[in-house]
Amino acid sequence: MAAGNGIVVVFDFDKTIIDVDSDNWVVDSMALTEEFERLLPTMMGELHARGRTLGDVAAALRAAPIDPRVLSDANAFFIETVLEHHGLQGCFTEVNTNPSRVDAAGRLRIEPYHDFLRGAPHGCGVGSCPPNMCKGQVLDRILREAAAAAPGGRKPRVIYLGDGRGDYCPALRLARGDFVMPRRGYPVWDLICEDPARVQAEVHPWADGAEMETTLLGLVRRALVEDAAALLPLDCKLESSMPAAAQDGGMPIMPLGVKN
C-alpha cells in the first residue's frame, strides 16, 4: 500500500506488481511444474524435502519479472524478497499478506492471514475470497486507520489495483470518488463485467505495465486536482467556474443558490 496527500493506492502483488503468480514461478523455476497441483497444499514442505533451500527459493523470486514502469494473497517472504531485490521496499507504507517465518531447520513456514485453521474464519459473504484472506476486510481496516490519522477524520480516496477473484471483494467496498483498476481479461475484470452496477467506484481497466502506469499516474493527478479544488473557498470556486465573458462584465451574472 502507498499513501499520501489524502490518496491511498493499494496494489495486489501477483500478476500486478510482478507479472507472474509467485507460487507458480517458484515451482516452475525448480522444474516441478507437472507436480504443481499435487504439491500446492504442502508446496514448501515438498521443496525442502527435495533438498531445496530457502536461498534457492529467494533466488527464484529475484528472477521474477517485474514491470519497470500491497494487499496480497502471496506471503511475506515472497513479497519482501522481490521488493528488496528491486529496491522498492521504501515505496510502500505497509504490506498485508499471509505471514511467514523460517523455522529452526531453515524451512519456510507460511500461515494464513485469517487463521481459519484454528477456528477464526473471516466470515465474508461475497463468495470470491479464499478462506485464508478477505482483502475487503483488510481494506476496511486500512481506511479506518487512514481516516483516524487524517485531519478531521477525512476518509482518503482510494485507487485499488488487482487481477484475481480475491480482489473483487475490496472493489465492492470502494465508494463513489474512488477508483478500481482491474487487469483486463483476468478474474476480477470478469466478475466486475458480470454486474457492473455493484461497483460504485470508477472502473479503469489495464492490460500491461505500460497501461497500468499511464492510467495510475493519470488518476493520481486527477484526484489531487479534484481534492485541491474541493478545499477552495466558495467564492473562488464560483469565480473560477464562471465564463470569461461573465467575469469581464460581458453578461449579467445571476445569483446562485447553494445547497449544503
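1. D12 lies in the loop that runs between β2 (7–11) and α1 (22–29); helices (H or I, at least four residues) and strands (E, at least two) are DSSP runs, numbered from the N terminus. The model is predicted: local features need pLDDT of at least 70, side-chain atom pairs count only at pLDDT 80 or more, and totals for chains, interfaces and linings use all residues. Residues are numbered from 1 along each chain as its sequence is written, and side-chain values use heavy atoms, with hydrogens and water left out.

2. D12 counts as buried because its relative accessibility is 4% (buried means under 20% relative accessible area, exposed over 50%, partly exposed in between; 1.4 Å probe, protein chains only). Not counting residues up to four places away in sequence, D12 touches, among others, K135, D163 and D167 (contact means heavy atoms within 4.5 Å).

3. The side chains of D12 and K135 are joined by a polar contact of 3.0 Å. Such a contact is a pair of N or O atoms within 3.5 Å; within protein, one must be able to donate a hydrogen and the other to accept it, and residues adjacent in sequence count only if both atoms are side-chain atoms.

4. D163 sits in the loop between β7 (157–162) and α7 (168–173). D163 is classed as buried because its relative accessibility is 7%. Beyond four places in sequence, the residues that D163 touches include D12, D14 and R183.

5. The unreviewed UniProt entry lists D12, D14 and D163 under "binding site"; UniProt annotations may be inferred rather than shown by experiment, feature names are shortened, and positions are given in the numbering used here.
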